[in-house]
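Please read this report alongside the sequence and the three-dimensional view shown below.

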Amino acid sequence: MFYRENGQFKTSYKADQQAFAIPQDRWAIVAIVAFAFIGVPLLVDEYMFRAILVPFLILSLAALGVNILVGYCGQITLGAGASMAVGAYAAYNFMVRIDGMPALAAILLGGLMAALAGIVFGAPSLRVRGLYLAVATLAAQFFWDWAFLRIKWFTNDSSSGSVSVPDINLLGWTINSPTDKYLFCLGVLVVFSVMAKNLLRGNMGRQWMAIRDMDVAATVIGIRPMYAKLTAFAVSSFYLGVAGALWGFVNLGSWEPAAFSIDRSLQLLFMVIIGGMGAISGSFFGAAFIVILPIFLNQMLPLIGGLFGLEVSIALVSHVEFIIFGSLIVFFLIVEPHGIARLWSTGREKLRLWPFPH
Amino acid sequence: MSGRKFGEVILDLKNISLSFGGVKALQDISFNVLEHEVRAIIGPNGAGKSSMLNVINGVYRPQQGDIILRGEHHANMDSYGAAKAGLARTFQNIALCKGMSVLDNIMTGRNLKMKANMLQQAIWFGAAQREELEHRAKVEEIIDFLEIQHIRKTPVGRLPYGLQKRVDLARALAMEPQILLLDEPMAGMNVEEKQDMCRFILDVNDQFGTTVVLIEHDMGVVMDISDRVVVLDYGKKIGDGTPDEVRANPDVISAYLGASH
Amino acid sequence: MAFFLETLLGGLMSGMLYSLVALGFVLIFKASGVFNFAQGAMVLFAALAMARFSEWIPGWMGMENLFVANLLAFTVAVAIMFVVAWLIERLALRYLVNQEGATLLMATLGIAYVLDGIGQTIFGSDIYKIDVGMPKEPVMMLESVFDGGILINKEDFIAALIAALLVISLSIFFQKTATGRALRAVADDHQAAQSIGIPLDRIWVIVWCVAGITALVAGIIWGSKLGVQFSLSTIALRALPVVILGGLTSVPGAIIGGLIIGVGEKLSEVYLGPYVGGGIEIWFAYMLALVFLLFRPQGLFGEKIIDRV
């Protein structure tokens, strides 16, 4: 069957404004999600789950948060890692300080705390933007880096400075095997992605995009920049906070502040640039790319080096990684500011017309 | 020119003065707008027309003067307040969201009337969807009215200039304003597009009873469609009246018509 | 009192180094509107080149003279920075002209990554030392005024002198030479400058070269003090609050902003740090910058930013 919409007519506005208006798209999404839930656990080994899939899912969630802020609302942030840290440490404190706190509730509360912190450090966006806003978000990054390292209360006075949490127990389901972790993160990601899609196709998303594209002029059509910007910071930080809590609770188990350093912030920004600003799918593409590339290079470079009789050290692999990331950032900013997601949708557009391109 | 009856004074501007640093953009300007009329502000380049419009909808705050909207004083109006009070406007340099579809752009204009909270929107089913459908129906009426059905789903950035202007107008109409401010609605258009735009403006005025305040360069158009005209020159008011009166005003002729036409 | 003065002087010295890095920021921002996040990476790159060539050259040429080796290494490093500047303009910047500030900023982040990667691939990623013969021993000053006098590093003192010299020669270059005049014209208005026949791309290469040289000088001073290592790359982040404070377009702003931040960091660390657990230097500078952003976004000496509808 061709991928096209000939003969499909919408007879109500309701049918027209579905999340995926083309049935083929809708079925494809359902099939992918079903495969992710049922097929993947049957096919994949533990290493895959631990090294690739779980990090990919959590970073996708984080990238989605960054994309809401950077891609949809046009506010730059270099403090995404800090929001993750706030989420992780807040969730940790809820866990250890309140008896019988369910882990899922702690994670969500962690997200809420991150949202509050996001609003405070997003407030400068009301006055400044671009580079200046980047500096304000960097201030948040460095402040929280310091706070979680030096203020012992946050780490429950742990002597080593690192904190750890027991396995999550969700209504009797103990999440400890890689498969469990994968399914749990997948569930969270699916729910959060659907909510993001809903927000972005509705009034909230339109307000954010209006701020991104029109800025001062947006107030004239009755959009309050303060409300739009701060909600974008709040929602974005909420996503990042939940992702941070998952990163700590599920992926790492025990962690130190360095897990959420400025490098993490830059990595998340890069995911969004490479994946695609202003596209939900871009967050997934970007996260996949950034998770897979180092593993791929680690496997491939020594092989390629071997062909020419060269020794490839681990350090070299990480330098090459730097070079590739950096070049790709510049490349995408110059050639395709909407990233892989746009390349993907251009391809799909072509496919829609295929085989009659005119 | 038409036989309609105007209502009360809906917008009254009193002794407005605005300056940027040492530059006096507007000096002691007063005029009023009657309900249901088409009111034009004309003048040569740099006369202060755009500043005047920006004062009316709160983008600039005048240093002196009073804005009375339906009997209420709004000396310190901001643009959000203006939007809430029923003023909508279009922009000279179209300020649309280039990446969004025409439909979404117009839906943005319904923003003030949408009440679903963030959580409801995230869940979508229920309140948010119901609301979205209601407003979609209203927006479709406007799309029909302005004859832009065929480009409903097109990203605005891909449209030609004339159509973008029409979308800008559609978004302003989606706010269901009592007063519609148009900033050079015909600038840069060809003759046919201008005729279309004139027709739409008059239709809006006629069918919805919307009061229209517009700035325009094209004298011919202004004289044809407006009921009353204010003439500005170097930030001062030099004429005010029906098109015929203004045309006969010697100050206007020397300052404006004589100079550039 | 002596202790306070010592802290103050220490702050001024490290502030001078911030100023040097900040100067690189300001030069490029003035001329091309790009906020160059890669300035730190350039410092690292230049310092690595300097350190490694001063190590390699004696081996290649079979001679032991430290001065000649350093001089040659410096020349090579300058040449390398020119090539880097030219490549950056050629491969990235010219395609990004007139983009939004945020896009340019992200692009320079990408450039920073590339430079870090290439630099470490070519020159290695260990800690290297630069020995340009700076005296290490401290001197006592003002012994007659205070009990015990004030301890100052000669090295710091010389570094400050070099930095001052660099600033002065840059100002002369900007004010007195034809190229400098062209640079200022470009900084004022790209299009106007282009329309009177100033070649934009060449000017940008020159600006990046100058920024590369300031990076090299900063790299040598920091490197000889602390060794050349990857962390040099992050001094861009330390110097960022400096330019916010001083104003992005102002050369004196960069200098004075650097001094203020340097002193502020040291004083806050010494007098405030003990109460909050120490290590506050980094975010203190940023908080200071944040306050400025909220109340005076153009910085101390910058030009006012005006929004238009």
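## Basis of the model

This is a predicted model, in which local features need pLDDT of at least 70 and side-chain atom pairs count only at pLDDT 80 or more, whereas totals for chains, interfaces and linings use all residues. Residues are numbered from 1 along each chain as its sequence is written, and chains are lettered from A and ligands numbered from 1 in the order in which they are written.

## The sheet of chain B

Chain B holds an open sheet of 6 strands in the order β6-β7-β8-β3-β9-β10, with mixed pairing; strands are DSSP runs of E of at least two residues, helices are runs of H or I of at least four, and both are numbered from the N terminus. Two strands pair if DSSP finds at least two bridges between them. At the edges stand β6 (87-89) and β10 (236-241) of chain B, each with a single partner strand, so one side of each is left without a neighbour in the sheet. From one strand to the next, the twist averages 15°.

Strand β3 (residues 38-42) of chain B runs parallel to strand β9 (residues 228-233) of chain B, to which 4 bridges join it, and β3(B) is also joined by 4 bridges to strand β8 (residues 211-215) of chain B, again in parallel. Ala40(B) has Val229(B) as its bridge partner in β9(B) and Leu214(B) as its bridge partner in β8(B), while the partner of Ile41(B) in β9(B) is Val230(B). Because 5 of the 5 residues of β3(B) are buried, the strand is largely enclosed by the rest of the structure; a residue is buried if 20 or more other C-beta atoms lie within 10 Å of its own, exposed if 12 or fewer, and partly exposed in between, with C-beta atoms placed from the backbone. In a regular strand the side chains alternate between the two faces of the sheet. In β3(B) both faces are covered, with Val38(B), Ala40(B) and Ile42(B) buried on one side and Arg39(B) and Ile41(B) buried on the other.

## Positive phi in two loops of chain B

Most residues other than glycine have a negative phi. Arg70(B), in the loop between β4 (64-69) and β5 (72-73) of chain B, has a positive phi near 45°, and with 15 C-beta neighbours inside 10 Å it counts as partly exposed. Glu176(B), in the loop between α6 (161-174) and β7 (179-183) of chain B, likewise has a positive phi near 45°, and its 16 C-beta neighbours inside 10 Å make Glu176(B) partly exposed.

## A helix pair in chain A

Two packed helices are described by the angle between their axes and the distance between the axes. The axes of helix α7 (residues 178-201) and helix α9 (residues 225-252) of chain A come within 12 Å and cross at roughly 175°, where axes are lines fitted to C-alpha atoms, for helices over the stretch in contact, and angles run from 0 to 180 degrees between N-to-C directions. The two helices are therefore roughly antiparallel, a description that applies to angles over 145 degrees.

On the α7(A) side the contact is made by Lys181(A), Phe184(A), Cys185(A), Val188(A), Phe192(A) and Leu199(A), and on the α9(A) side by Val235(A), Tyr239(A), Leu246(A) and Val250(A); residues are in contact if their C-beta atoms, placed from the backbone, lie within 7 Å. By class, this contact has 9 nonpolar, no polar and 1 charged residues, where Ala, Val, Leu, Ile, Met, Phe, Trp, Tyr, Cys and Pro count as nonpolar, Asp, Glu, Lys and Arg as charged, and the others, Gly among them, as polar.

## Helices of chain C

Helix α8 (residues 200-226) of chain C has 27 residues and reaches 38 Å from its first C-alpha to its last, close to the 39 Å expected at 1.5 Å a residue, the expected span being 1.5 Å times one less than the number of residues. Since 21 of its 27 residues are buried, α8(C) is largely enclosed by the rest of the structure, and just after α8(C) comes Gly227(C), with a positive phi of about 85°.

Key: Angles under 35 degrees count as roughly parallel, over 145 as roughly antiparallel, 65 to 115 as roughly perpendicular and the rest as oblique. Two residues are in contact if their C-beta atoms, placed from the backbone, lie within 7 Å.
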